[in-house]
Amino acid sequence: MRFALTPDQVAFRDAARELLAKECAPSVVRAAWDAPAGQLDRGVWDSLDAMGVLALLVPESDGGLGLDETYLVPILEECGRAALPHPVVETAMVAAPLLGAGAGMVSTDLGGPLIPCAADSDVLLLRAGGGALVAVPPASVSLTPVAVTDRARRTATATATADATATATRTNTEPATDSRRSDDEMSQVRSVTAATRTNTEPATDSRRSDDDVSQVRSVAGTNSEPATDSRRSDDEMSQVRSVPFTRTNTEPATDSRRSDDDVSQVRSGSTATTTNSEPATDSRRSDDEMSQVRSVAGSAALVTDDAGAIERALDRGALGTAALLVGLGQAMLDLTVGYVTERHQFGKPVGSFQAVKHHLADAALALELARPAVHRAAWSLAHDAATAPRDVSMAKAMASDAAELAGRKALQCHGAIGYTVEADLHLYLKRTWALARSWGDSAHHTDRVATAIGAHSVQSC
Amino acid sequence: MRFALTPDQVAFRDAARELLAKECAPSVVRAAWDAPAGQLDRGVWDSLDAMGVLALLVPESDGGLGLDETYLVPILEECGRAALPHPVVETAMVAAPLLGAGAGMVSTDLGGPLIPCAADSDVLLLRAGGGALVAVPPASVSLTPVAVTDRARRTATATATADATATATRTNTEPATDSRRSDDEMSQVRSVTAATRTNTEPATDSRRSDDDVSQVRSVAGTNSEPATDSRRSDDEMSQVRSVPFTRTNTEPATDSRRSDDDVSQVRSGSTATTTNSEPATDSRRSDDEMSQVRSVAGSAALVTDDAGAIERALDRGALGTAALLVGLGQAMLDLTVGYVTERHQFGKPVGSFQAVKHHLADAALALELARPAVHRAAWSLAHDAATAPRDVSMAKAMASDAAELAGRKALQCHGAIGYTVEADLHLYLKRTWALARSWGDSAHHTDRVATAIGAHSVQSC
Amino acid sequence: MDLTWSAEEERFRAEARGWLEANLAEWRADCGGEPASGDTRDGFAQHLRWERRLFDGSWAAVSWPSEHGGRGASLWEWLLFEEEYYRAGCPARVTQNGIFLLAPSIFEFGTAQQQAGILRRMAAGDDLWCQGWSEPNAGSDLAAVTSRARRVDGGWVLDGQKTWTTRGAFCTHLFGLFRTDPDSDRHRGLTYLLVPLDTPGVTVRGFGRLDGDEGFAEVFFDGAELADDAVPGGVVLGETDGGWSVAMATAGSERGLTLRSPGRFLATAERVVALARERGDAGQQRRAATAWMHAEAYQLHTLATVTKLAAGAKPGAEASLTKLWWSELDVELHELALDLLGPEAEIDGPWSKAWQFALAGPIYAGTNEIQRNIAAERLLGLPR
Amino acid sequence: MDLTWSAEEERFRAEARGWLEANLAEWRADCGGEPASGDTRDGFAQHLRWERRLFDGSWAAVSWPSEHGGRGASLWEWLLFEEEYYRAGCPARVTQNGIFLLAPSIFEFGTAQQQAGILRRMAAGDDLWCQGWSEPNAGSDLAAVTSRARRVDGGWVLDGQKTWTTRGAFCTHLFGLFRTDPDSDRHRGLTYLLVPLDTPGVTVRGFGRLDGDEGFAEVFFDGAELADDAVPGGVVLGETDGGWSVAMATAGSERGLTLRSPGRFLATAERVVALARERGDAGQQRRAATAWMHAEAYQLHTLATVTKLAAGAKPGAEASLTKLWWSELDVELHELALDLLGPEAEIDGPWSKAWQFALAGPIYAGTNEIQRNIAAERLLGLPR
């Protein structure tokens, strides 16, 4: 028993923290709010890539670092602390184990219907639907200007062509006999990605070689089931946006609690697969499986239809998001401690008032106890523990609650100064609100824990 | 629109407050904790009776004051503030409208399985079961020494004879042609009550005449349905007491939320009737109905099997209890304000610390907003408003929450001094815990409000 | 105790409802789509047209005497109007800081000339008033005001800075506290001044509130020359050097009855209940009922307060409890709405916007920490 | 990071489990029915027999060296033991204030003679120690102690009063702070004394705690003559007039790791989860899962703390956070249990009793208000 980061893990985390402190100051986060699509400054992103963070979970033989979640999660905490305006969880935690190294920037709708990503143009899109995960390569992804509270998050959607292709590919009833696409197709996908990246890749990237870039992979359909695509159409989405007061749940749950079915519906229709909880017997895919996944398709292609793999992807996303939340909460607490020490009212520092002290002690307490839950879940995922799903849910529930609490206390202790976009606090606050309700909110994950620990009676499950 | 007590209502309440301040000091409450059965000091009880409080809701023509709940509820608040160790809600609010004046001290299991009452020997017992209310006269009621947290509350049970008689009476399939028992039977019930009362009745009782006493009424069965008695047996009760960790709910609800069915089960089996919510068209029973209720039986007799009447009895009990809770909360707040003003630590009054101020402001806030809800529900019951059940539930939910909060804050601000039986605080605190969970707890009543206001989807009801 | 509305009050309610529904529809049509936020420059202009409609119908300030543009409504009728206003879904009042915060002080402390010259133009939206209390170093601690006014012949010379001035960038006038006795400190020597924002030497800079709208402004005074007659009846409200007591009366209004009527929260509660019915789980539906009860309790508490005021009582420190209640209720309601929306909550729609606005409630009009102190000290009598 | 137990640790756990189960059953049988509360006179005697069993099996103080009656267990093993102890349903330790509060100070500040003379008898239950910190006017403000000890030839003369002394009426010895420098104030001039309660001039009066048990005592000192050798190795622990730092070390233990091990709350959480499964609604089941997570998080936090301590770190102000967490967790767990029991909760059974005990948590060992101050000032660095 030893519940602490190893010196290696600490060193890696501290290096990431230092990098982020230098390259991801609040001004960088602010710039991401205003960056037009395709013109996002990705200096810090490329530096993280150069450091190996994005492919940390990928085996060394595949160009990754071959490390596990106990290394990545503390780094994600730092990414949260910096409010990093890039989809690091989606890319490093969710996509990398499925797609391997070099997939570029990845967004996904696994965590909710919003498919949030940065304002960049070469985003690979992982979409869930009909019990499968498909990948839409950057060329077929478009950014739509949906207003979100945290404007460093954008919404990417697949173009109509990509959707049509995806459906076409997936309605092919013949199983693919060869799991790799032709070189032609491969280079097509690769060139789109490479062309875009040329514009933005900084000279400081000391690691990525052309060889690396040529490893960019897209994926093909090996599954013959017709897609019963339950994704929300664009029309439905715009309806949601314009009349949130009146939107009705079109498929009411028979039980009034948000059931697992319900939530997987929110997660864009992976109904059939999310509740299928076959225990994973091996936390790493075999090489055979890997090469199957890496097979290439036209513009949207099947990544996996293995329920266990999708479940693990959801768990990785939830845990990565939990880590971001703990970091965000810590950042807000630190900002506020600094502020209330400087700010004077009634002739003394605001932080000397007992009410302010108690607000911030509460925030510190919640974060202090959420953090071990997040680290433990990383260990459980890395070691494929039987309790991993429960541990991930505990981490996400506690991190969501702690970060939301820290945000509330931070805003209250800042007073009017925090209630402006000129102060930095809002950058962290709005990210917190978004992430607390993505990848399953606190109530969802608490109910998942309740089921795992047997708090639900047989009748109510 | 005028939402304030009338001068009359204020005068009546203030008179009750004055009386209680004189005759129900904390020492009187303490004495009730230690009083052996039958030897309870009932000075304040008799004074309240003399003032007309116990028969306040009874028509003048029947020896009552002919007033309504808007008069009684503010007085009950005062009874709560004094932690009156007598069943005033059960008697004045629940039994009086059903049984008329002079029923003596009444306890009931409508509010929960514990049938709490004072340590007196002449207690008439109202029991719910099988869709009916039966009355067990004092002679057939025994007190059992079940330890409860608030020892001013005791547990009365019907003797085996009474139970047997009750069942026998109710299995009689012939409807009673005459609703009044013979004079012989009447005097039998009356003499038991009178004999007991002679011992304790103080000379100060300036109102009660022999005539009044002769009006003591017991009730007879007019219903022919066989009783399917779902009450918990004594065996089951003792099992509950000895092994609460392991008790299983023998009839699991099909929906995991506490359903209405579930709660009415807690309320001793009035399942069929509680959920039947026929709106009352008249808030006062007709004389015909009254005389029917007053018919007399042997040792346990039917009071009513009218679902609406039982529903109203439950509502009156819940509202009366809500009023007690607001009074208890206020008493604990007042005690604590006094204490923290006197008590010095770190060279200044404890009450000058901001944390203590904020604790008590929270308690004051909750009570200040719960009180209007209680008064409004009194008006709704008195005027037989269609919203009365909803308003009662809102009152009980808010009063339960406010009193529990006030209790927690009071104990915390008292510190170790409050954590002893030598300080008075615990007398109020323990009553609060008991009453907050009697007559339906906060969650039950909140769910009832949710149904009334349409917060439940069709599927989840 | 009588919890029914009279036939006359019901007629008033029906009239208000009819007018509001018809005019709201017309105004929306006039806007050509969903109106923008009143805290943006474009939205403010749209909302002024709504304010003008209200004034033309004598609904802009129902409780004011008709000579000032009101209709002499009772407090009860005012409550009914507010209930109908929010039930219909009418927009937040961009004129509220004048009508609900300044006007009560004008009625109490203003001369007849000031009343005549200021109130009607305020109700009509001709003059748009913003509040100039806070300064960079005087937030909760209002008595730390350092903006100063120096007496000169025929007027005042103003220097200093105000900030967090709601909708300051769109308004025409500011009311605020200035230190007129240079040797004074704390709450002595302050004067309540009425300042046209086009006074030379005054600069206004709008900046983004939490929700990104330009809802705040900084107002700079650099030797601004304020003539005594810059406002009809004079620019000083109350006594020179006696501004603190005038400001406290305004602060009382802000926390109390007039700023946040129950109708506003009842309407939100109904919408949250509907949302919970449509997509909530049992736990969320229970939370919806709790929030609804809290809104309803605020309504009941207000009815009791109005009963007292109608009988001649003065509002007191209870206003602190009221402010705590509605501000925390508003957060409770919107937090539940966001939880019900789940991952869709981050779309920057009405609920999300309203959530961000609700979060300001525990901060403005005296932070809730200050209110809890006041409640404990003035209502419960705890030692300072 | 390694979150598995070694084979050796698992063996230790299995041994503890086996011993505890067997001996608990024997002790219960020995009591002839449900044992009474350890805070009643009869129950205390029963519990002493349990303590004796623990000592005889070398389980009374597992982490102590064997010469003092322990078995030299590591902190990890101590955690495992505690987990098994509460999982088995073993009773609260009536010797805890000696073993968990005084003993750490004896190890740190005591002479070899004191250690040899005091610890083993404490573990065996031969000497029963109660804590003498609080006085009628020194609760949260411990430095306000006025009980005094005057130096005389060969000993001390004690005057004053201690109160809220847990199980004082059943104990044989008291440890506490006495003012030995009459000219001192606050935390200077205090001495940490060890006092046999049969010292002439000492009077003990038990009184009822919230749950009615005689769990508290007042201890009066009326010219009590305490000989220097009344306790083996001497009655002064640490330096004369230097008692404050010794007491603070004890207070650190009280808030920290040793007083409330995670096992206690994990066991309660499991029982609450079972209760929620049997009779809870969906909302209550969700609350049960939340409470379970809070208990589990405390366990995880403790594992991290022990990892640090095992690496040689000293416990610091984090203990304030720990105390806040477990005390509020305990209230959360028992409040839920009472809500699950509904109207039956008022039956004075184990849950009700434990609820009342839980309510003391936010008060004793430094109120949670004080702990929040400490956390804010020492961990976050906020100004005093």
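B:Ala83 lies in the loop between H4 and helix H5 (88–99) of chain B; helices here are DSSP runs of H or I of at least four residues, strands are runs of E of at least two, and both are numbered from the N terminus. The model is a predicted one, in which local features need pLDDT of at least 70 and side-chain atom pairs count only at pLDDT 80 or more, while totals for chains, interfaces and linings use all residues. Residues are numbered from 1 along each chain as its sequence is written, and chains are lettered from A, with ligands numbered from 1, in the order in which they are written.

Phi of B:Ala83 is near 50 degrees, a positive value in a residue that is not glycine. B:Ala83 counts as buried because it has 27 C-beta neighbours inside 10 Å; the term buried asks for 20 or more other C-beta atoms within 10 Å of the residue's own, exposed for 12 or fewer, and partly exposed for a number in between, with C-beta atoms placed from the backbone. In chain A, A:Ile115 is found in the loop between strand S1 (105–108) and strand S2 (116–117), and its phi, near 45 degrees, is likewise positive in a residue other than glycine. A:Ile115 has 28 C-beta neighbours inside 10 Å and therefore counts as buried.

**Confidence and the make-up of chain A**

The predictor gives the complex an ipTM of 0.90 and a pTM of 0.87. Where pLDDT is low, the predicted coordinates should not be read in detail.

Chain A contains 17 helices and nine strands, and 61% of its 461 residues are buried. Of the contacts in chain A between residues at least 6 apart in sequence, 75% join residues at least 24 apart; two residues are in contact if their C-beta atoms, placed from the backbone, lie within 7 Å.

**Chain D against its neighbours**

The contact between chains D and A takes 38 residues from chain D and 41 residues from chain A. On the side of chain D that touches chain A, helix H7 (262–279), helix H8 (282–310), helix H9 (318–341) and helix H11 (368–379) of chain D each supply at least two residues, and H8(D) gives the largest share, 16 residues. By class, this side of chain D has 24 nonpolar, seven polar and seven charged residues, where Ala, Val, Leu, Ile, Met, Phe, Trp, Tyr, Cys and Pro count as nonpolar, Asp, Glu, Lys and Arg as charged, and the others, Gly among them, as polar.

Towards chain B, 38 residues of chain D are in contact with 37 residues of chain B. The elements giving two or more residues to this side of chain D are H7, H8, H9 and helix H10 (350–360), and the largest share, five residues, comes from H10(D). The residues on the side of chain D that touches chain B divide into 16 nonpolar, 11 polar and 11 charged.

**Helix pairs within chains**

Axes are lines fitted to C-alpha atoms, for helices over the stretch in contact, and angles run from 0 to 180 degrees between N-to-C directions.

| Helix pair | Axes | Angle |
|---|---|---|
| H1 (residues 7–31) and H3 (residues 75–87) of chain C | within 9 Å | roughly 35 degrees |
| H7(D) and H9(D) | within 10 Å | roughly 25 degrees |
| H4 (residues 69–81) and H13 (residues 307–342) of chain B | 6 Å apart | about 45 degrees |

H4(B) and H13(B) cross in a right-handed sense, a crossing being right-handed if the near helix is turned clockwise from the far one by less than a right angle, and left-handed if anticlockwise. Residues in this contact include B:Val73 and B:Leu76 of H4(B) and B:Leu319 and B:Ala323 of H13(B), and by class the contact has 10 nonpolar, four polar and three charged residues.

H7(D) and H9(D) are therefore roughly parallel to each other, and H7(D) passes H9(D) in a left-handed crossing. Among the residues that meet are D:Phe265 and D:Val272 in H7(D) and D:Trp326 and D:Leu333 in H9(D), and the contact has 11 nonpolar, one polar and two charged residues.

In chain C, H1(C) passes H3(C) in a right-handed crossing. The residues that meet include C:Phe12 and C:Arg13 in H1(C) and C:Trp76 and C:Glu77 in H3(C), and the contact divides into seven nonpolar, no polar and five charged residues.

How values were computed: Parallel < 35°, antiparallel > 145°, perpendicular 65-115°, else oblique.
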